[in-house]
Amino acid sequence: MKRLHPDLSLLFLFGFFTLFSNVCSDLVISKLDRQIDLSSQIVRFTTSLKLENNGAEAVSKVLLPYPENQGKNLAFLSVTVTEGKGKTKTSSDRLHVDVVHPEGMPPSLTWYAVSLPKELSKGGSLTLEVKAVFTHLLTLFPEKITQAEAQLVAFQDSAHYLSPYAVKIQSLTVKLPEPKVESYTKLENTKFSGSEIKYGPYENIPPFSLPTIIVHFVSNKPFSVAQELVREIEVSHWGNVQVTENYNLIHAGAELKGVFSRLDYQERPHVRGASALSSLVARLPARAHSIYYRDDIGNISTSNVYSDSAKTLLEIEPRYPMFGGWRTAFTIGYGLPLQDFLFKSQGKRFLDITFGCPMNDIVIENLFVKVVLPEGSKDISVVAPFPTKETRETKLSHLDIAGRPVIVLEKKNVVPEHNKKFQVYYRFSSFSLLREPLMLVFGFFLFFVACIVYVHADFTISKSSPSYIAKLQWDEVQTAVQQFQNIMNCVLVIHDKLDASLRDLSRTGDVQACKAARKNADAFLKELTKELKPLSAFLQSSPQALQIVPKVDELVIKEKELQEKLMLKHSMVVDSYEKKSGGRDIDNRVTAVQQKITLLRQEVDDLLEVIDEI
Amino acid sequence: MAPSAKPISSPVPDAWYPTLAVLLLAFGLVITASFFIYEATSSRKNRNLAKELTTGAVASVFLGFGSLFLLLSSGVYV
């Protein structure tokens, strides 16, 4: 059985404290309270320091050192000034923290300098709360386990706080995930109760004493690590923000030794496979829609969505439960309403959306966030609450000419604390939105122009073949017939106008207007008959129109008869009005003529229909 | 976030997309039909190029916007 070797680098720090105690003796930490939360794969240190300035000058920077393996794995650091205790505790905004390299210090330490908002004057005191989040700090011991064994991890740190300042009183609390522990280093003042191990309080520790503590405990939480996560956020001004996330997950816990028995796992999952990764919960914004969960094979149906007015919970299960060392890859996508995430301010538009992964308790080794803005966006800039590496790309998507601008933000070692909002500012004129429908309109118009060109163009090869000539002649006949039809329709309209004038006469009794209408009608009809003559001559002469000519002639004759009868009726009615005979008389005289008129009109209409069908 | 930030949404309300798609496409197809009927029934001499082009232009405007709203209502946010 392998023994746990304490990290030797901590021991080498003894000698360096002699340097520290001379250089940084201004500040004194009067009360230090450290809490180490080991309940998941992400180790969280919460340190509360009460600083007193015992020196002669005001101090504006506080130094925080971290030993080598912690400095390498530090994912997130946040320092705030707190006032009050317990329920009345208030925190200020996050203070600015820089990485510094003080001279004469060993290179294995990582130093952070916190800029205080106000200088700490001589004799003043301040309480700082430092939250540090580390990844890959727990070592698996044993490294390989079988399906039935529990996952044991070891954590190592020093019982006393590493600091360049003298510490008066300090205490350490280590919080475990379960109320049992395999083994822990017992120093003086050590107490284990519930699921917490308390070391301390220690008073006035000499500056070069750093006893190592190792805690070996059971942590059956699955260690889900995403080796690569690509988040693509596509903004469409027509009302949707589409987010697509591609995950490459690995279970970074103790590797599975031996075989995996599905039967054992399904019978008693909590005993055989307690540390398996069986489901993940993603917390999506409210009003997320069109959520899908798939991988290279296809859709994965083991998922659930619970939504309420504040959030949408997506619970997904991978295709198989993941044991130590196993991998899986999948894609999650969802759409969000535009008005929740895109805003306009001072002439620029900006997208306000969360940076990290929506799943809790997942460590991402490489995170790529790609923001795809619509084509025509200019002056793009990014404002993020933590440093990221920025590159630009183009993406060709629907209805694009040159491509959409893409901003790629890259960050390593991302933890759920990084899931804060970031903004992307850009300019976009509203007219550019019309470009897409105009492209479609232009496309359809080209189709119609092509149709027009096809119909107008003459593609016959031989222009003297009999069939081609016959076709041309038939075309001419058709033209003549259509013109004839037009003229007939005009004539009929004039007839209708005459009838209307008669009705007006019966209403108003205005004889003069009626006579004027009659005169107009006569003039029009004369013109139209004149136009009709050349057409009938042409139709008679053309050989193709043999069928039509008799019908046309018949129509002309009938129309003439109709015209005569109509004129007769008109004159009769007008005369009667002038003689001021009664209404009944008029009706009697007119009825006979009227019947003939209606008959003839019917015949004319029928003939017109027949000609139309040819 | 700046205090004067106003949310931006689509110029046409989301709920109208399917209705607009159907209406505009229906009009567009009716005008396309009249275009093709005119092409088929008129003889060579009688054809009026201006009438053809205007009918085609009006039809393509309706069809273009109708197909845009059809794409948007079916989830392809172009």
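**Chatting through chains A and B**

Me: Let's start with His216(A). Which residues does it touch, leaving out those up to four places away in sequence?

Reply: His216(A) touches Phe141(A), Leu152(A), Val153(A), Ala154(A), Val181(A), Glu182(A) and Ser183(A). Keep in mind that this is a predicted model.

Me: Where does His216(A) lie, and is it buried or exposed?

Reply: His216(A) lies in strand S16 of chain A, residues 212–218. With a relative accessible area of 8%, His216(A) is under the 20% cut-off, so it counts as buried.

Me: What lies 2.8 Å from a polar atom of the His216(A) side chain?

Reply: That's the backbone oxygen of Phe141(A). Phe141(A) is also joined to Pro142(A) by a cis peptide bond, with omega about 10°. Most peptide bonds are trans.

Me: And where does Pro142(A) lie?

Reply: In the loop between strand S9 (139–140) and strand S10 (144–145) of chain A.

Me: While we're on backbone angles, what is phi of Gln346(A)?

Reply: Near 55°, a positive value in a residue other than glycine. Gln346(A) lies in the loop between S25 and S26 of chain A, and Gln346(A) is exposed, at 71% relative accessible area.

Me: What about phi of Asp379(A)?

Reply: Phi of Asp379(A) is near 55° too, again positive in a residue that isn't glycine. Asp379(A) sits in strand S28, residues 378–383 of chain A, and is partly exposed, with a relative accessible area of 47%.

Me: New topic: helix H5 of chain A. How many residues does it have, and how far does it reach?

Reply: H5 covers residues 435–456 of chain A, which makes 22 residues. From first C-alpha to last it reaches 31 Å, close to the 32 Å expected at 1.5 Å a residue.

Me: Which of the H5(A) residues are buried?

Reply: Glu436(A), Pro437(A), Leu440(A), Val441(A), Phe448(A), Cys451(A) and Ile452(A). What covers them includes strand S30 (404–414) of chain A, plus helix H1 (17–41) and helix H2 (49–73) of chain B.

Me: Where is Met439(A) found, and why does it count as partly exposed?

Reply: Met439(A) is in helix H5 of chain A. Its relative accessibility is 30%, so Met439(A) counts as partly exposed. Met439(A) touches Leu399(A) and Ile401(A), not counting residues up to four places away in sequence. Met439(A) and Leu399(A) are 40 residues apart in sequence, yet their C-alphas are 7.8 Å apart in space.

Me: Which three residues supply more than any other three of the area chain A buries against chain B?

Reply: Trp238(A), Phe448(A) and Ile452(A), with 20% of the area that chain A buries.

Me: How many salt bridges and polar contacts are there across it?

Reply: The rule finds zero salt bridges between chain A and chain B. The count of residue pairs in polar contact, both at pLDDT 80 or more, is seven.

Technical notes: Residues numbered from 1 in each chain as written. Chains lettered and ligands numbered in written order. Predicted model: local features only at pLDDT ≥ 70, side-chain atom pairs only at ≥ 80, totals over all residues. Heavy atoms only, no water. Helix = DSSP H or I, 4+ residues; strand = E, 2+ residues; numbered from the N terminus. Expected span 1.5 Å × (residues − 1). Buried < 20%, exposed > 50% of the residue type's maximum accessible area, 1.4 Å probe, protein only. Contact = heavy atoms within 4.5 Å. Buried area = accessible area lost by both parts, 1.4 Å probe. Salt bridge = Lys/Arg side-chain N within 4 Å of Asp/Glu carboxyl O. Polar contact = N/O pair within 3.5 Å; in protein donor to acceptor, adjacent residues only side chain to side chain.
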